[in-house]
Amino acid sequence: MTKFMLYLVVPFVLLFSSCSTQELSSDWYPLTTLVERPDIGNERVVTTVSPYLYTSSLDWFNETYTPGSVPYEALRRHEVTHAKRQEASSSKTLWLQRYLTDKKFRYEEEKAGYKAGIEYYIKSGWAASPEGLAETLSGKAYGSMVSYDEALIWTKKMIADAKAK
């Protein structure tokens with residue numbers, strides 16, 4: 001199993017084990033609970049399987065995403081987008097299976113989430129790095145779902161569109 005798949009499968013396993021949790025405020029709806037999952041490879045990631053938001057460290061999450069900060073709100077918009085799309089699907093299990101196995105579907109889902117976050121960053125006067133975003137979207141964390149060049153074209157367009165609003 002790849003590291004990418006572990007990021008998404010581990011949350012399901014954790015649903016049936018005891019973990020540290022933190023209640024999310026109602027503005028995260030339909031997400032309700034932040035769950036600390038075991039650290040995999042010492043990477044800091046956030047994963048959504050509605051109604052849960054998973055992180056490798058509650059301390060890291062709370063230090064990095066301070067309520068009211070721009071990064072907090074951008075992440076909230078990104079993850080709530082995922083949660084709403086999962087809730088709208090006929091089956092979260094099938095949604096997750098497709099996300100894990102279909103790179104094109106995964107990329108479309110991530111573009112929806114990133115669009116929400118990028119728009120908020122730009123609206124708030126923050127800079128967004130198309131190169132950094134393209135590196136993330138094309139990297140191992142997302143299972144190399146898209147080429148760097150394709151991701152770069154998309155991120156540049158999203159940033160330009162957000163600035164035009």
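## Stop one: a threonine in a strand

The model is a predicted one. Start by selecting T55, which belongs to strand 4 (residues 52–55). Is T55 buried or exposed? Its relative accessibility is 0%, so T55 counts as buried, the limit for that word being under 20%.

Now show the neighbours of T55. Leaving aside residues up to four places away in sequence, T55 touches L34, V35, E36, R37, V45, V46, W60 and F61. Next, select S57 as well: the side chain of T55 reaches the backbone nitrogen of S57 at 3.5 Å.

Side chains of opposite charge can pair when their charged atoms come close. How many salt bridges does a search of the whole structure find? The search finds ten.

Select R85 and E109 and show their side chains. These two meet in a salt bridge, with 2.9 Å from N to O. The pair links distant parts of the chain: R85 is in helix 3 (residues 70–88), E109 is in helix 5 (residues 103–123), and 24 residues separate them.

E109 is buried, with a relative accessible area of 4%. R85 is partly exposed, and its relative accessible area is 36%.

## Stop three: K92 and E87

Move on to K92 and E87. They form a salt bridge in which the closest N and O atoms are 3.3 Å apart. K92 is partly exposed at a relative accessible area of 31%, and E87 is partly exposed too, at 39%.

## Stop four: a pair within helix 5

Select K115 and E119. Where do they lie? Both are in helix 5, four residues apart, which is about one turn of the helix.

## Last stop: a network

Finally, select D27, E73, R76 and R77 together. Salt bridges with shared partners join these four residues into one network.

Key. Residues numbered from 1 in each chain as written. Predicted model: local features only at pLDDT ≥ 70, side-chain atom pairs only at ≥ 80, totals over all residues. Heavy atoms only, no water. Helix = DSSP H or I, 4+ residues; strand = E, 2+ residues; numbered from the N terminus. Buried < 20%, exposed > 50% of the residue type's maximum accessible area, 1.4 Å probe, protein only. Polar contact = N/O pair within 3.5 Å; in protein donor to acceptor, adjacent residues only side chain to side chain. Contact = heavy atoms within 4.5 Å.
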